Structure formats: structure tokens, C-alpha cells
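Biologist: I am new to this structure and would like to learn how to read it. Please give me the general idea each time, and then the case here.

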Amino acid sequence: MPDTQLEQNIPYAIRAYSPEQLTDALRKMFLIRKFEEGAEDSYTRGLIHGTMHLSIGQEASAVGSCMSLTDEDKITSTHRGHGHCVAKNADLGKMFAEFFGKETGYCKGRGGSMHIADPAKGNLGANGIVGGGLPIAVGAALSAKRLGTGAVTICFFGDGANNEGAFHESLNIASVWKLPVVFVCENNKYGMSTSTERSTAVRNIADRAVAYSMPGRTVDGNDFSAVTEAVDAAVARARRGEGPSLIENLTYRWRGHSKSDRNRYRTKEEISDWMGRDPIVSMSRLLVDHGILTNDGVAALETEAEQVIKDAIEFAAASPYPKVEEVTRDVYTVQEAAE
Amino acid sequence: MNAHTPTALRELSYAEAIREAMDLAMAADDRVILMGEDIGVYGGAFQVTGDLVHKYGTDRVMDTPISELGGAGVAVGAALTGLRPIFEFQFSDFAALAMEQIVNQAAKVRYMLGGAVSVPLVMRFPSGSGTGAAAQHSQSLEAWLGHVPGLKVVQPSTPEDVKGMLLAALEDPDPVMIFEHKILYKMKGHVPEGYYTTPIGKAAIRRAGKDVSIVATSIMVHKALAAAEQLAGEGIDAEVIDLRTVRPMDHETVLASVRKTGRLVCVYEGVKTLGVGAEISAMVAESDAFDFLDAPIVRLGGAECPVPYNPELEKAVVPQTPDIVEAVKNVVKGRI
């Protein structure tokens with residue numbers, strides 16, 4: 001029998017997941033980081049137009065939250081959603097191709113950064129509307145319950161969405177109908193430029209769970225194991241048919257809100273302080289400390305991620321653009337309705 | 001069937017026809033669920049769902065909280081993931097609370113995702129004036145939604161059509177918005193038994209005529225038909241077209257009629273400016289049928305004000321049969 005006292009000193013993630021699963025999680029965190037750095041670089045070089053919302057610094061929240069999900073389980077995501085796509089096993093080449101506006105992209109160039117989805121992997125998509133995904137996630141949970149699939153839906157949203165009516169309506173409906181959905185708030189402290197202190201009447205967003213009779217927990221969103229422990233428990237509760245939960249992952253985006261951000265609302269000290277709490281560094285340390293990876297092994301994962309991104313960008317760059325004459329395709333399923 | 005000789009055509013009210021369509025669909029397909037405010041034991045504000053909750057239970061006839069945005073979004077999410085929801089707004093006016101999910105999500109998800117998904121969602125909107133419920137419970141908002149690619153918007157005017165178009169909407173893989181005029185709910189008419197569909201996107205010629213084309217929607221079809229009868233007594237032979245679908249609009253039926261009659265009067269209850277009649281008029285003006293016009297196009301639509309409470313004022317803000325008679329006479333006699 002294992003020593004219970006000793007077991008409790010081992011972080012949850014190490015106890016709950018195999019070395020292969022944990023290595024894969026760190027690999028995904030590197031992929032997210034490198035994907036977004038690659039996207040930023042491509043933007044700077046004029047290869048990508050429009051805008052983008054980078055989640056660099058939030059990788060533990062995306063990957064940690066999805067650890068106990070299968071392809072049958074659903075997620076809804078946000079405008080800051082690249083990490084969620086990767087966590088849900090998206091194809092990086094198709095993601096980059098979408099960024100480049102190519103026909104080979106996830107949305108065939110029609111959606112761009114804010115609408116990447118991968119229904120086959122259970123990713124119902126990012127969303128350009130703050131709070132837009134919340135009731136949709138509840139609807140997916142209703143389908144799962146009604147159709148008896150056993151699937152759980154994780155609904156990602158940011159702190160900004162917690163003051164939308166859609167947030168409150170969605171949590172209430174999910175609770176009243178006891179639906180298998182986990183609301184994961186990625187609180188990165190700012191809705192664009194407005195801090196949660198200035199926008200939100202409660203101290204912790206998870207406190208709002210009380211109003212909807214569901215468990216609410218606030219965790220260090222940069223601590224992979226803490227995220228996993230909280231979300232896994234909520235997913236398990238949902239799978240048991242006991243209803244929804246609200247998890248708040250406290251985290252930080254290193255970059256601005258979008259490409260237009262001039263960072264006038266936060267200090268350099270605050271940014272550098274959070275950069276000192278890099279979730280990839282702490283996850284790497286966790287795996288090295290527990291003998292799952294060597295430092296060389298970590299470095300190899302990073303190098304591998306860089307190569308995957310390089311290949312993905314090459315695939316995207318070489319892919320064809322959509323045809324202008326097909327611009328109204330897919331407005332309707334049966335196309336004659338498009339007139 | 002061949003041995004069956006019905007003594008009379010079966011009649012149902014418009015509301016009963018909707019209920020029969022939902023009942024048939026629910027019996028045939030477990031994925032069909034109803035969602036809305038007070039549609040369970042209450043039976044719906046207009047008694048459209050009636051007693052369906054007793055037949056299918058509260059798991060399939062779901063009373064939502066008074067949460068139009070949340071409820072509509074849940075229906076969108078459910079449609080995306082395998083269910084076939086029919087979402088009832090208690091009044092079409094309340095859809096204003098849910099526009100985000102209808103316009104930004106339901107209408108666009110398929111396109112934004114490059115065709116990877118469909119949203120087989122049906123929404124029902126009790127609409128229109130005539131109930132003394134004033135400005136926030138009497139609007140005709142079909143043009144709002146008709147403006148959004150990705151949606152289909154229908155306005156059935158008869159019990160037979162509303163049953164067939166609701167069943168067609170359920171077969172449709174894309175979101176279909178059904179605007180039901182509240183005054184029609186109690187109107188009776190022939191409704192065929194069993195399952196049938198009435199095509200979305202096809203207008204119906206309700207009365208053939210040669211002197212003028214009256215293109216009407218929803219309850220205005222009945223007012224136009226009454227006007228046409230009066231006009232016939234005065235020697236004017238009006239053709240009455242029931243548009244039935246706002247998006248996608250049946251251009252060909254309208255154009256063929258205008259080519260024949262050379263005159264066009266559009267009659268609709270929604271506010272006249274930027275309404276359904278504006279689209280019909282522009283569509284005709286842009287076509288070869290323009291060359292057949294012998295008189296300017298006339299639109300009769302809702303007044304440029306909210307719907308008032310006082311019954312006489314309420315009548316005054318939407319086209320009435322005498323208004324149609326007068327407008328047609330002016331068009332035919334070249335008085336405009």
C-alpha cells in the first residue's frame with residue numbers, strides 16, 4: 001500500500017496522469033507558445049492581416065483544463081482561443097492555414113483567428129463575441145444529457161464575459177437543468193483595458209457560483225497541476241450527472257489584448273512579475289523534479305515544437321487561397337438558398 | 001386511401017395546425033424538443049404547444065427561465081450537437097433580447113466554420129398587432145431577420161401552410177425563423193392530415209387576376225383577398241400573391257405576375273421604411289419586369305411609429321382592407 005501521507009505531498013497531476021500524458025501536456029504547452037510566437041512573427045512580416053488575441057502566458061489553463069477530456073467531450077472557446085484548439089488536439093497546419101486565409105484552413109479562410117473550430121475533435125469553436133459561447137456550451141451539454149452520450153462540455157471564457165448577461169443566464173440554466181458543463185473562467189485580470197477590480201463587483205469570479213448553486217473554485221491558473229485538479233473534479237462531477245461547476249483560473253496574458261493594444265493600463269513591473277511566473281517553466285520544473293523528463297528532454301520538446309510550427313507555416317504558406325467566386329458558399333447547407 | 005371519401009375537408013385553427021406539426025415531428029424523431037417560456041403545463045402564452053407536455057414530458061417540452069438570450073443560445077448549442085430544437089419566443093418582440101445568438105451565432109456559425117457544421121434550428125415568433133398589447137408586444141420584425149444571410153425567414157398565412165412550413169423547417173439543415181401573426185392563431189382552415197411539407201422559398205398565388213399584383217405577407221394576405229373581392233365588384237381584377245417566405249424570396253413568382261399585370265402593390269404589417277415591401281419593390285425595379293410597369297409601385301406598410309394601445313389608433317398604424325382597396329384603385333386608375 002502506498003504511504004498516504006507521502007502521496008498527498010505529490011502534486012495531483014503527477015498522481016493522476018502517466019509520464020506519457022504529462023509529457024504530451026508539456027509538448028502542447030510548447031506548441032501553443034510557439035504557435036502564437038509564430039503567428040505574431042507572421043503578422044509582423046505582413047503574412048497575416050486582421051488582428052489576433054494571443055494567450056502567451058496562459059498555456060497551463062488551456063492544456064490543464066482539457067486533460068480529462070476525450071474527443072467526444074466538447075469545448076467552446078473565446079477570441080483568445082488558440083491554446084484551447086491545441087489542447088483539444090487541433091492540427092497546427094490547418095490552424096496556420098486559417099490564419100493565412102487559405103482554403104486549407106480550418107474554416108477555409110472564412111473565419112480567421114477568432115473562429116477556429118474542430119468539430120471532429122469536439123471543439124465547437126472560438127467566438128468573436130464576448131460571452132457568445134456560454135449558452136452554446138450549455139446547449140451542447142443539453143444534447144449530451146438528452147442523447148445519453150456521457151459527454152461533458154468545458155466552456156472557456158474570460159473575466160470580461162463574467163459581466164455579460166449571457167454568463168448569468170447560462171449558469172442559471174445549466175444549474176436548473178443540472179447539465180454536464182464546466183465553466184472555466186480564464187481570469188487574466190483585464191477585459192481589454194478594464195481591470196476586474198474596476199468592472200466586477202465580486203472579489204473572485206468563482207464567488208458568482210454561489211448565486212447559481214454550483215461549486216466554485218479559484219485556482220492558480222499558471223499552475224498546471226492546480227488547474228488539472230480543480231477541472232478534473234468538476235468534469236467528474238458533471239459526468240456523474242451532478243451538474244455544472246465554475247472554475248476560475250487566475251492567469252495573465254503577456255501580450256496586449258490585440259494588435260491595437262498600447263499597454264497604457266498596466267505597468268512594466270506587473271508584466272515582468274507575471275512573466276517570472278511562466279507556466280511552461282513551472283510545468284517543466286514539475287516534470288523534471290518528478291523524474292518524468294530530463295532538462296534535455298524538455299529542450300527536445302521545445303525544439304520539436306519549433307519544427308512543428310515551422311512545418312505548419314510552410315504548409316499554410318504553400319496552400320491555395322479560396323476562390324473569390326465561392327465567397328457565398330456555406331452560407332446555407334443547401335446552397336440554392338443563397339440565391 | 002381510394003376507398004376513403006371524406007364528407008368534408010378537415011379544418012383546424014392555425015394554432016392547432018402548428019401543434020399538429022410539432023406533435024408529428026416529435027412522434028417521429030426523438031431529437032425534436034420544444035423550448036420556450038411557459039410552453040409546458042401553461043400550454044404557451046397563445047396555447048400553441050397546448051397539452052404536448054402531457055404527451056412528451058418535461059424533458060422534451062422544456063419550460064425555460066425568462067432568459068431569452070440564454071435560452072436561444074442553448075437552442076443554438078443543442079442544434080449544433082445533435083438535437084432539433086423548436087424554440088418559441090413568447091412574443092417576437094422578446095427576440096430583441098436574443099439577437100446576439102440569432103444573428104451573430106446561429107446565422108453565421110456554418111459560414112464562419114467553412115461549412116463544417118449546420119445549425120438545424122427552428123424558432124417561432126408570435127408577431128403582429130391587433131391584440132391591444134401596445135408597442136412592446138405587437139411588432140412585426142421579420143425584416144430584421146430577413147436582412148441576415150444564413151437565416152431563412154417565413155411568414156405562413158394559413159393553417160395548411162404553417163403546418164407544412166414548420167415540417168419543412170424541421171427538415172431544413174439551417175436555421176428557420178417562423179413569424180406567426182397572433183391574430184391568425186384562431187383562424188380556421190383546411191389542413192391535410194398526416195405528414196407533408198410546404199416548400200420554403202416559394203410564394204403562392206392566392207387569387208389570379210390580370211389588372212394589378214398585390215404582394216402581401218402574413219395576415220395582410222387575408223386583407224388583400226378581401227380587398228380583391230371588393231375590387232372585383234368594381235371591375236378591377238387583382239392578383240393576390242402570398243409571399244410566404246421573406247428569405248430566400250421567390251423572385252420569379254412576383255416578377256411573372258408583374259409582367260402580366262403591369263402594376264404592383266406591396267402590403268405588409270412591418271414598418272414601411274426599409275421593410276419587406278422595400279425589398280420586393282427594389283427587386284422588381286432592378287429586373288426586366290420594370291419595363292412592364294404601367295404605374296409607380298406602391299407600398300402599404302406599418303406607420304412610422306410604435307404600435308399604440310388605443311384600438312382605433314392601433315388599427316390606424318397598419319394597413320386595413322379599405323386602405324388596400326383605395327391604393328389599388330389609385331394605381332389602376334392612374335391617379336398616382
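Modeller: Helices (H or I, at least four residues) and strands (E, at least two) are DSSP runs, numbered from the N terminus. This is a predicted model, in which local features need pLDDT of at least 70, side-chain atom pairs count only at pLDDT 80 or more, and totals for chains, interfaces and linings use all residues. Residues are numbered from 1 along each chain as its sequence is written, chains are lettered from A and ligands numbered from 1 in the order in which they are written, and side-chain values use heavy atoms, with hydrogens and water left out.

Biologist: In what order do the five strands of the open sheet in chain A lie?

Modeller: Strands of a sheet pair through backbone hydrogen bonds, either parallel or antiparallel. Two strands pair if DSSP finds at least two bridges between them. In chain A the order is β1-β2-β3-β7-β6, with parallel pairing. β1 (74-76) and β6 (216-220) of chain A are the edge strands, each pairing on one side only.

Biologist: How many bridges join β2 to β3 in chain A?

Modeller: Strand β2 (residues 153-158) and strand β3 (residues 181-187) of chain A run parallel and are joined by six bridges. Within this pairing, Thr153(A) faces Val181(A) of β3(A).

Biologist: Turning to chain B, which residues of β11(B) lie on each of its faces?

Modeller: In a regular strand the side chains alternate between the two faces of the sheet. Ala238(B), Val240(B) and Asp242(B) are on one side of β11(B), with Glu239(B) and Ile241(B) on the other, and all are buried. Buried means under 20% relative accessible area, exposed over 50%, and partly exposed in between (1.4 Å probe, protein chains only). Strand β11 covers residues 238-242 of chain B, and five of its five residues are buried. Strand β9 (residues 204-207) of chain B runs antiparallel to β11(B), with three bridges, and Arg207(B) is opposite Val240(B). Strand β10 (residues 212-216) of chain B pairs with β11(B) in the parallel sense over five bridges, and Val215(B) is opposite Ile241(B).

Biologist: How many cavities of 30 Å³ or more does a search of the whole structure find?

Modeller: On a 1 Å grid over the protein atoms alone, a cavity is a set of points where a 1.4 Å probe fits but cannot get out, and a pocket is an open set with protein on both sides within 12 Å along at least five of seven lines; lining residues have an atom within 4 Å of a point. Grid points are joined across faces, edges and corners, and a volume is the space filled by probe spheres set on the points. The search finds five cavities. The largest holds about 90 Å³, and its lining includes Thr76(A), Ile136(A), Leu80(B) and Met112(B). α7 (133-147) of chain A and α5 (109-112) of chain B each give at least two residues to that lining. It has seven nonpolar, five polar and no charged residues, where Ala, Val, Leu, Ile, Met, Phe, Trp, Tyr, Cys and Pro count as nonpolar, Asp, Glu, Lys and Arg as charged, and the others, Gly among them, as polar.

Biologist: Where does the second largest cavity lie?

Modeller: The second largest cavity lies between domain 1 (11-190) and domain 2 (204-332) of chain B, because both give residues to its lining. Domain bounds come from an automatic or database domain assignment. This cavity has a volume of about 70 Å³, and β7(B) supplies the largest share of its lining, three residues.

Biologist: What is the volume of the largest pocket?

Modeller: The largest pocket has about 710 Å³. Of its 33 lining residues, Ala143(B), Trp144(B), Leu274(B), Gly275(B) and Val276(B) lie nearest its centre. By class there are 18 nonpolar, ten polar and five charged residues in this lining.

Biologist: Which peptide bond is cis, with omega near -5°?

Modeller: Most residues other than glycine have a negative phi, and most peptide bonds are trans. The cis bond runs from Arg247(B) to Pro248(B), and Pro248(B) is in the loop between β12 and α9 (251-261) of chain B. Ser213(A), not a glycine, has a positive phi of about 50°; Ser213(A) is exposed, with a relative accessible area of 65%. Ala134(B) has a positive phi of about 70°.
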